[in-house]
Every structure is written in structure tokens, then in C-alpha cells.
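Q: Please take a close look at one part of this model, then connect it to other parts. Keep it brisk, and give the cut-offs as the terms come up.

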Amino acid sequence: MTTNETPTGPNSPEMAANLEKIEALSERLIKAVSSKSKSNPALSGPNQELFSDAMTAYMKEVMDNPAKVFEHQAAYWGKSVKHYVEAQQTLAKGKFEAPSDAFEGDRRFANPLWNTHPYFNFVKQQYLINAEAIAQAVEDTKDLDPKEKQRLTYFAQQIVDMMAPTNFLGTNPDALEKAVATEGRSLLDGLENLVSDLEANDGELIVKLADEKAFQLGENIATTPGKVIYRNKMMELIQYAPVTETVHETPIIMFPPWINKFYILDLKKQNSLIKWITEQGYTLFVISWINPDDSYAEVGLEDYIEDGYLTALREVKAITGQKQVNCIGYCIAGTTLSLTLSLLKKRGDKSIKSATLFTALTDFSDQGEFTPFLQNDFIDGIEEEVSEKGCLRSHIMGRTFSFLRSNDLVYTPAIKSYMMGEAPPAFDLLYWNGDGANLPGKMAVQYLRGLCQSNDFAEDGYTLMGETLSLKDVDVPVCAIACETDHIAAWKSCYRGVQQMGSRSKTFIVTQSGHIAGIVNPPNRNKYGHYTNEDMKLAPNEWFEQAEFSEGSWWPRWESWLKKRSGKQIAALQPGDSDHPALCDAPGTYVKLSARR
């Protein structure tokens, strides 16, 4: 070695620097984990206590039917031994040819080594056998209560997803190849990412999904021009600037969900529903909800209705001089818009001319994929959490939603960040998804107990604000949009709720895709089509089978429906008036409040 060469190997300066950095990161890791406050077991990870309850029910059946257990064990071991022998025989031939399997097309196993390398192919095939054995054991249970079986199925799938070989460094060829190619730098970067995520979340392991520095509200997302023209403790009311000389006289108020922030409807110019609505010639107001902290512990649904819905109606009518408005409610805000419509019916108030519901549940008789989380043990844990903290922290709700799609929203991002050492992408949708909101304690329990669990609104009536509110009281024209693959608000449940409403004018649209992509589906993309059927008396499956499919976005179809209920053309209104001066530019100040403040 000449004097100009840099030493390499275990004694090189780079290796020494890396070891020093690992030591420093390890100290930070220990500190971050030790600083984590004690968590509620019912709300941790994939919910261990709930899994324990489901397993208790399963084990009782096992004890009652031991022959079935022996049958499962014999089949499992038989397949495992057969797999091992076949692998040995193939290797003995001197040429490895991977058999076909159920993971063809699975993105987790896209690396060619899963099909060409004896070790990785054996691991993959054994994982498949294990997954099939678990699924079959759950499927063969006969005497479990349907809800318990659904919970057991959910938690069994969580185990299967968690134990995927891609989730472990020693059995992930992508991570190993990158570690070799980068001389271990990717693992060091991954450890840095892990420690940073723990430190940013007080010891909670929440994978950062997007590059938070890549986006600035009001600069490169949420940029549609408008003004905040009213503010109270619950919301900021934004009036968006007109882009047409004339507008329909009936204004629109959009109520987004307060579980997340409103700018999902205004991410960028190309897919902004807010911008598109103004371009069609409407005066649009949008609610930006407060991101509550523990001081909002006693805030309930009645506060959202009184200081949100009813206040917005009052202020918008005052600004525009109109007696009626058209309203939009998205997700939980659509549920609450329906409650508000029932309340106004009881009071004889006709301020709302029509209602549009985006993926809004009002009948919770079928809880779908949320069944595991809507049983007493989980909601008891929620009540304990909000009693201590004052609010349901955003990461708990976010984690619950994420584990419904754990491979896409938990494990794949973790692999890329912690094993591959990759920086999170500059992806606006994932940025929004990580910009969560807390829920007031009282409101969270009201929603889970009275609406989701008891289904009072659709059945016996939901008591709120001195009235018994019922779905049949919703009698204004309704247009409801649901999403075909929505795992949060299943379209069939949305349909059943609209069926029970008292309105004589009901329009129901099912758009392709899921809870977000189905709604944020601009016409210029021509990506997802939609289904329509005027016969709302049919059962959900019959409705869908007889529905007409149309290519492209549902937005223009909805706008044609809305136009008929929006009155004549008048001169466009600029945001605010003398009694409602502009407080700041859109998107306002509440949307910038962090859940962790």
C-alpha cells in the first residue's frame, strides 16, 4: 500500500467512523425507547389484549374438538416435510427451478432471487405453507360467535403479515443486496431513520411515510386562493375566491372529516376538488377544524354541530344573503351532517337545500373490517385512554387504520426506511396521511358507543341536543358517493343508510377505488369509472348488478345534479364582507396545528 492510499477493511477510518456513529445512535435509541410513556395495552400495536380474547375463544373450541387440531397439525407437518424433500431433490439435480406459487404478483416477492435462489425460494415456500395452515385453522372453526371469528381472522392475518420473511433482514434479499452494495451504509442510514422516528414521537414507533420538508401548506399544497372570514374555538371558515364572473346563487359549504385535515381535497391544482368546484361557478366555503388538545376533553358531537355546522350555516347565509345553502359532508363529517339534518327537521329549519355525502356511514349494522375494533374491550381501552389524556391521540387512530392495510402502510414503509436506509418519498398524499388530528375525548366515545356500537341513529334514534335524531328525518335531496373498495366506509353500508333516509330524492353513486382515491378522482385523469342505478329499493348486491357503469370521474355527474339545486346565476362574490373581514389567507392557521403540540 502506498502512502497515498486510504486504508480499507476493518481498521479503515471509515469503519471506525461508522462504529462510532453506531455507538452514538445506539445511545439515542436506548434513550428514545426508555422515554416512551406506558401505553394502553388494548391500543398498542395490533392490539395484543384483543388478540388474547379472540385466542381464548378459539382455544375453547380447540379443547372441545382436539381431533381437528391433530388433523391440522398432520397436514401442516406433511406439507412441510414434503416441501423439504422436494427442495433437496431439486438441489441434488444440480439445477434449481422454482415451482409456481400463490405469491406470483405479490410486490413483496418481486426480487428474482425469491424464484432463483435455493435459500430464498425455500423460505418463501415455507412461509406460504405456514400462512395457509393458519388461515385453514381459523376457517375450520365452526362454533365461534361470528364477531369472534371475524376478530380471530383479523388477528391471524396480522400474524401472517408480521411474520413475512421480507420483514427480517436475514431473509430479505433486497435489503441484503443493498447492504453489500453500499458496504453497510444502508443499514447505518436505516438505524438513523429508526432513531429519528422514535425521537420524533416520544418513543412511539411511527414510520415516517413522506418527506415532511418537501411540502409547505399554502405554497405547494393547499394553494387554492381564499380567505378565512370567520373563526371560533372549533373551526375556521374559509371562503374561496371566485374564478368565474357569475356564480350560482346558492352557496356550498363543505364539511371535511376532523379525523384528518381538509386539504386532502386541495392537495395540488391537478386534483383539487376545491379548485374544480370554484371553476364550475359556485361560491364555496370550507370548514377547517381545530386540531384539539387535552383542553377539548369535554367537547362532544353537539359542539361540532353547534359551533361548526349551525354556525357555518348562519355566517354563510349572512355573507351571501341567501336563505339556503347546499352542504357536503365527507366521512365522519357526512355522518354528522346527517345528524344535523335530522336536528334541523325537528326544529323546522330549512337552511340546507341539499346534502352531498362522501363515503359517509349512517347505518352501522355491518361494521365490516372495523368489527375487531368496535367491541367493548377495545372501546373500554379508548375510554381509559381519553380519560387519562383528554383526547384520542392521532397516532392511535392512524395505527388502527394502518393495520387494516399493514403490508402497504406499516411493513413496506418500515422495510424501506429501516432496512434499506431510504429517505421517505416526497409524496403529497402520504404527507397528508401522516399529518394527523386528535379527537376530543367525549366526542370519540359518543361516536364509538352511540353510533358505531349501538347504531342508534339508524335504529331507535340518537339522543343529542335535546332531540331524538333519526335517519328517516333526513328529507332533503341527497346525493351520496361511496367507493367500491373502501375498507373504512364500505359502500354497501353507506347504501343501506341512504335507503333509510326520508328524502324523496336520493341519488347513489359508487366510484371505483377506495376511501381517498375514489373521491379525489378528477376528470382530467380519466382513471376510475363509476356505477349508477336509480332504483334505491333494491338490496345492495342487486343494485350493483343492475347498475350502469360509466367511464371517468363522477365529479361532472354530481355537478349536473347539484346545478339543478343551485339557483340562478348572480355576480360572483369576493370573500367576506364588512362584518366578516379577512382574518388570513387560505388555508388558514388551524390546519397548521400539529397533533403533537
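**The second largest pocket and beyond**

A: The second largest pocket has a volume of about 630 Å³. The model is predicted, so local features need pLDDT of at least 70, side-chain atom pairs count only at pLDDT 80 or more, and totals for chains, interfaces and linings use all residues. Residues are numbered from 1 along each chain as its sequence is written, and side-chain values use heavy atoms, with hydrogens and water left out.

The search runs on a 1 Å grid over the protein atoms alone. A pocket is an open set of points with protein on both sides within 12 Å along at least five of seven lines. A cavity is a set of points where a 1.4 Å probe fits but cannot get out. Lining residues have an atom within 4 Å of a point. Grid points are joined across faces, edges and corners, and a volume is the space filled by probe spheres set on the points.

The lining of the second largest pocket counts 25 residues. Nearest its centre lie Asn-407, Asp-408, Thr-412, Pro-413 and Lys-416. Helix α14 (residues 406-419) gives the most to this lining, with 8 residues. Helices (H or I, at least four residues) and strands (E, at least two) are DSSP runs, numbered from the N terminus. By class, the pocket lining holds 11 nonpolar, 6 polar and 8 charged residues. Here Ala, Val, Leu, Ile, Met, Phe, Trp, Tyr, Cys and Pro count as nonpolar, Asp, Glu, Lys and Arg as charged, and the others, Gly among them, as polar.

Now Ser-186, in helix α8 (residues 185-200). Ser-186 is buried, at 2% relative accessibility. Buried means under 20% relative accessible area, exposed over 50%, and partly exposed in between (1.4 Å probe, protein chains only). Leaving aside neighbours within four places in sequence, Ser-186 is in contact with Lys-178, Ala-179, Met-419, Met-420 and Gly-421. Contact means heavy atoms within 4.5 Å. Of these partners, Met-419 falls within the residue range of helix α14.

Next, the cavities. The whole structure holds 5 cavities of 30 Å³ or more. The largest cavity has a volume of about 80 Å³. Its lining includes Pro-257, Trp-258, Trp-289, Ala-437 and Val-591. By class, that lining has 7 nonpolar, 3 polar and 1 charged residues.

The aromatic rings follow. The structure holds 27 aromatic pairs. Rings of Phe, Tyr and Trp (its six-membered ring) pair if their centres lie within 6.5 Å; planes under 30 degrees apart count as stacked, over 60 as edge-to-face and the rest as tilted. Tyr-531 and Phe-544 form a tilted pair, 4.5 Å centre to centre with 45° between the planes. Tyr-531 lies in strand β14 (residues 530-532) and Phe-544 in helix α18 (residues 540-546), so the pair ties together parts that are 13 residues apart in sequence. Tyr-531 is buried, with a relative accessible area of 14%, whereas Phe-544 is partly exposed at 23%. Tyr-531 also pairs with Phe-549: the ring centres are 4.9 Å apart and the planes at 55°, so this pair is tilted. Phe-549 sits in strand β15 (residues 548-550), so its pair with Tyr-531 in strand β14 ties together parts that are 18 residues apart in sequence. Phe-549 is partly exposed, with a relative accessible area of 34%. Ring pairs link Tyr-531, Phe-544 and Phe-549 into a cluster that also includes Trp-491, Tyr-495, Phe-508 and Trp-543.

What about the cysteines? A disulfide is a pair of cysteine sulfur atoms within 2.5 Å. The search of the whole structure finds 0 disulfides. Cys-494 is in none; the nearest cysteine sulfur, that of Cys-483, is 8.1 Å away. Cys-494 is buried at 3% relative accessible area, and Cys-479 is buried at 0%.

Two residues show links across the sequence. Thr-468 lies in strand β11 (residues 467-469) and is partly exposed, at 38% relative accessibility. Thr-468 and Ser-342 are 126 residues apart in sequence and 8.7 Å apart in space, C-alpha to C-alpha. Beyond four places in sequence, the contacts of Thr-468 include Lys-346, Asp-460 and Asp-473. Leu-562 lies in helix α19 (residues 555-563) and is buried at 2% relative accessible area. Leu-562 and Thr-356 are 206 residues apart in sequence, with their C-alpha atoms 8.8 Å apart. Not counting residues up to four places away in sequence, Leu-562 touches Ile-252, Tyr-282, Asn-326 and Ser-354.
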